[in-house]
Structure formats: C-alpha cells, structure tokens
Amino acid sequence: MDELLHWFDMIGIAVFAFSGVLAAGHKQMDLFGAVVLACVTSTGGGTIRDIILNIPVFWLQDTYYLWIAVATGVISFYLIRYLQVPMRLLMVADAIGLSVFVVIGTQKGLELGYSATIAIVMGMMTATFGGVIRDVLSGDIPLLLRREIYATAALTGAAVLVALDASGKLPGDLVIAIAVVVTLSIRLAALRWNLSAPIARFGNH
Amino acid sequence: MDELLHWFDMIGIAVFAFSGVLAAGHKQMDLFGAVVLACVTSTGGGTIRDIILNIPVFWLQDTYYLWIAVATGVISFYLIRYLQVPMRLLMVADAIGLSVFVVIGTQKGLELGYSATIAIVMGMMTATFGGVIRDVLSGDIPLLLRREIYATAALTGAAVLVALDASGKLPGDLVIAIAVVVTLSIRLAALRWNLSAPIARFGNH
Amino acid sequence: MDELLHWFDMIGIAVFAFSGVLAAGHKQMDLFGAVVLACVTSTGGGTIRDIILNIPVFWLQDTYYLWIAVATGVISFYLIRYLQVPMRLLMVADAIGLSVFVVIGTQKGLELGYSATIAIVMGMMTATFGGVIRDVLSGDIPLLLRREIYATAALTGAAVLVALDASGKLPGDLVIAIAVVVTLSIRLAALRWNLSAPIARFGNH
C-alpha cells in the first residue's frame, strides 16, 4: 500500500506543479516566479496538513519532492511555449492532483489514529489548499470555492476511503485505487457536463 | 470562567461561519464551497494562533467545533435564500465574532504565561485572521485593513482584558464580559457612525 | 557573525514594515490597518520559516521585533503624509529587506544542520513570504511572481551563501556581507535596467 501511495504522491506533486506553471503562464510570470508557484501549489496542501498535525513537514527530509516540483516547473515552462496547450488541461491536471492528494491526506489522518472527521478534513486540506494558494497568488477566486463540484468530489473520495477502510474487507491498495477513481470521476464528470451543486444566493435578489 | 469562554467560543464559531456563508453568497459559491468558507473563516484565526504558540490545534480533539461550523454553514446557506438578509448583517456578525474571539485569544496567551504584548497579539490574531482569510479567498481587501476601526476595536478589547486581569480586582467572568462588551461597542459604534481612524495617504497626493 | 546578522535582522524588519505602510498608503488604509500590515509584512516570512522548521517563532520571546515593526509603522504612517515619497522607494525598501532576510533564513537552515537545498528554500521563504502576504492582503499579484528578477536574486544570494559557507575559506561575517551585497545588486540592477527573466507564455498566443 505504501508504495502505491508513494507513486501517487509524486504524480500529485508533478500535476499540481504543472497546474501552477499553467496559471503562471496566464499571468505572464517569469521562469523563477513560475517555478516558485509550481513548488507552492504542489507542496502547499501537504505542508499545511503536516503543520496542523504537528508532524515534520514531508519535504524537509525527502527533498526530492521539491526537485520533482522544480523539474516539472522548468520543463513545463518551456513546454507551454511550443505546444498547443488547451485551457481545459489546467482543469484536468488539477483534477488528477485533487484525486491523489485527497487519498494521501485522508490515509495520513487514519494512520495517525485520528477520527474519521479529522481524517476527511486532512484529505480535503491536502487536496485543495495547494490549489487555493495557487489561485490566491494568481489573483483569482479559488476553484475550490466556485461552483463546479470541487469540494464535493474531494469530500466524497475521502468518505469512500474512510468507509472502505473501516469495513476492512478490501485490501488497502484496492481501497486507495477506488477512492482515487471515485474522486476523479466525480470531478471530471462535473467538468464535462458542467454539473454544479446548489448555489448560494440571496432570497431578495 | 472557563465555561463562559467556552460558550463564547461556540458563538464566535457560529457567527464567523455565518459571515463566511454571507460572503459566499455574494460570490455565488455553491453549497460545499460555502461550507468550506464557513469552516475556514470560523476556525482560521484560532488555528493560526495555536500553530504559532505550538500547542495542539483546538479542533483536532474537539471536533464539535467543526460540526458547529458545518451545521451553521448548511443552515445559513439555505436560510439566506428565503429570508431578506440585509447586507449590514455581515458586518454585525463579524463584529460579534471579533469581540468574543479577541477575548478568547488574549486569555489563551495569558494562561500560557506569555507577556502582555504576546497575549494581545494572540487576541488580535484569533479575532481577525479568520476574517482576513475569508476576505482574501473571496477576492476582497480584508475588512481588517480598511478604514472602519477594526484593528482598533480588537486592540482596545485585548488591552482592557490584560489590564483588568493584571489588576486582579474583578472576578474573571466579569473581566471577560467587560472586554467583550468594550470591543463590540467600539466596533458597532464605528459601523453606526462611520467613524474612522486617520487614513494613510501620501503627502504629494 | 551573530551580531552582524542581528543588526541585519532589525534592519530587515524596519524596511519591510516601511514597505507595508507604503502599500497601505496606496490602498488608503487607516493607521491601525497600516500598522497591522507593517507587522505582518516584516515578520511573516520568518514566522512561516520557524513554523515549517518547527522551532519557536522568533518574536514570541524577543518581542522587540514586534515593537520595531509597530514603531516603524506608526512613524512612517505620518511621515508619508508630509514627505514626497517616490513610488520607487517601495521597490528599494523591499529589495533591502529581501537581501538581508534571504541571508538570515539561509543561515538559520545551515545552523540547524539541514541540507543546502532546504537552507536555500528557507532563505527564499524568509525573504519573500512577508512581501507575498503584503501583496495578497493589498489585493495585488505578488512582486515575487512578477517579471523583474525577484526570486532569481534571492536564489542567487542564498546559493552564494551556501557555497561560500561550504568552502570554509572566508570568515563568516564576510560571507554574510557578500551574500547580502550580491542579492541587493542583482535586484537593484533588475529594477534599474528593467531586466527580466524569460516570461511564461503560451505557444499558441
């Protein structure tokens, strides 16, 4: 189980780093600004999770996470100059990162012996706060808070993981894979068909 | 004294969660985005305080704080669709949260044996940083930094608490109640009569 | 070496506090909002560094850092009303703060025994995150992410410090002074001649 999670972790770092560079491209940032945004986007959620749980921040010892983010940042910075990158790709990269990070964060909460509530909150933080930082630094209202079933997808994936883990019937690797697929499916379906949850509005409008 | 503080704490969580949903309503966020904003607004200040003081984050063990935020978020999400909610209400809910949280944070600093300076800073952080996060995530310049005697009210309330606590003449519950009333009065008076502190501007403008 | 660093630290606090008040002036914030922004800008980077390294936040015991920020904030708040303050000054104050804080943060990472990678990251965080918070709270896209060789200057200064420290040939004070001068020179040159690193853009634009 640990190995699968580890691969997912590195994939999540890379796709969120890529999403950071795409956001940087929209704002015409320079190479180093883009790489900084790539690092902050890809490691931000897990950093906040570790700080709140008061455990060592994950990239302090395992610095290769930073190098993956930097390498992905530099490569995609030059890549987006020469390739046709559809705008939709930012959304898809973000969805993949969301799906693997929600599972990693929830799993970390469970391993540390926290309640289902806290495990789910940790999953949602890991998955969403990196993207929130990316959007805030780019001057946008976070994707997380917009209409398109973003928090909902993360919440469902985390809940599925907690429920399957509590039932104890399936092997750990399968539980993790199912939770990733559930999250990704909901988020991609929401993007594909423009699904949205009820929208907050005022009665007098 | 602890029990009064505890009640204030839950009231603060609820009114800040409500203020988060009101902000979400202005930006047409969906249900889950609104609930996330409710949670972050209501727990953000205390979370940053606990992290800086390096003590366990308050909602990790007492998860009912999160549930109060979630429940308030969901209920007010539907409430604001059917009731006439005057815009002013966001300001008043925010003022109540400011008043109870400044007292809770200052008290926590004093209990941990920190100096008056640090206790006051902790009170101001607890009271204001949740709202700052709400405003930043909503794409607004924080209320805290605008003109209307916001930081001033929190600072005065925290200073009153520290001074009365140091004098040791009044019972703890009364000290806390006085500090809450002082903070709330100053903030509501500022809102009512559009009071403002001196404004930063450049001499050559 | 410690004494030189200590002086640089206080200078960095003061210039970043000044840059916070200048930013507040552009947004017509009130006195207390401006002082809050001065404090957050000047202590934010070091606070995040200490939290991530899980060491006591530097201003909890040494509260005079806060008082330097508050005093600088109040004085410059009134100063900018009566003096002609060229807009360029914000950039220069920010550059000085960047240069001394990148050295302090990198040095702290090295002293704690972390790898060169982490020491450099800590230097960049200390130097840039206070300004990032200032810009986000003021509603601007962070200077850090814009074109003008900002992250590049910090990265170079941190790398010079790490390399000279590893070579062990020069006395510590000189190493620190060289790293500050290198960072400041690169940043001021970039401002003076509008230098910029390659800019992220899409191939199909």
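**Charges, fold and selected residues**

Chain A carries 12 positive and 13 negative side chains, and the centres of these two sets are 14 Å apart. Here Lys and Arg count as positive and Asp and Glu as negative, while His and the chain ends are not counted; the place of a charge is taken as NZ of Lys, CZ of Arg, CG of Asp or CD of Glu.

The model is a predicted one, in which local features need pLDDT of at least 70 and side-chain atom pairs count only at pLDDT 80 or more, whereas totals for chains, interfaces and linings use all residues. Residues are numbered from 1 along each chain as its sequence is written, chains are lettered from A and ligands numbered from 1 in the order in which they are written, and side-chain values use heavy atoms, with hydrogens and water left out.

Chain A contains eight helices and zero strands, where helices (H or I, at least four residues) and strands (E, at least two) are DSSP runs, numbered from the N terminus. Read from the N terminus on, the order of elements in chain A is α-α-α-α-α-α-α-α. The radius of gyration of chain A is 17 Å, close to the 17 Å that the globule rule gives for 205 residues, so chain A is as compact as a globular protein of that length; the radius is taken over C-alpha atoms, and the rule is 2.2 Å times the number of residues to the power 0.38. Along its principal axes, the C-alpha trace of chain A spans about 55 × 50 × 30 Å.

How much of chain A counts as buried? Of its 205 residues, 58% do, with buried meaning under 20% relative accessible area, exposed over 50%, and partly exposed in between (1.4 Å probe, protein chains only). The accessible surface of chain A comes to about 7,900 Å², and 66% of this belongs to carbon and sulfur atoms; such areas come from the Shrake-Rupley method with a 1.4 Å probe, and for residues only the protein chains shown count as cover. Among contacts in chain A between residues at least 6 apart in sequence, 75% join residues at least 24 apart, a contact being heavy atoms within 4.5 Å.

Cysteines can be taken next. A search of the whole structure finds zero disulfides over all chains, a disulfide being a pair of cysteine sulfur atoms within 2.5 Å. Cys39(A) counts as buried at 15% relative accessibility, and Cys39(B) counts as buried at 14%.

Asn54(A) lies between α2 (31–53) and α3 (58–61) of chain A, and its phi is near 55°, a positive value in a residue other than glycine. With a relative accessible area of 45%, Asn54(A) is partly exposed. In chain B, Asn54(B) is placed in the loop between α2 (31–53) and α3 (58–61), its phi is likewise near 55°, and its relative accessible area of 45% makes it partly exposed.Two residues of chain C illustrate buried positions within helices. Ile118(C) sits in helix α6 (residues 116–137) of chain C, and at 0% relative accessibility it counts as buried. Setting aside residues up to four places away in sequence, Ile118(C) touches Trp59(A), Leu60(A), Thr63(A) and Leu66(A). Ile118(C) and Leu53(C) are 65 residues apart in sequence, and 9.9 Å separates them in space, C-alpha to C-alpha. Gly46(C), in helix α2 (residues 31–53) of chain C, is buried with a relative accessible area of 5%, and on the same exclusion of residues up to four places away in sequence it touches Phe58(C) and Thr126(C).

Back in chain A, is Ile75(A) buried or exposed? Ile75(A), which belongs to helix α4 (residues 64–82), counts as exposed at 55% relative accessibility. Asp30(A), by contrast, is buried, with a relative accessible area of 2%, and has its place in the loop between α1 (2–26) and α2 of chain A. The C-alpha atoms of Asp30(A) and Ile149(A), 119 residues apart along the chain, are separated by 32 Å.
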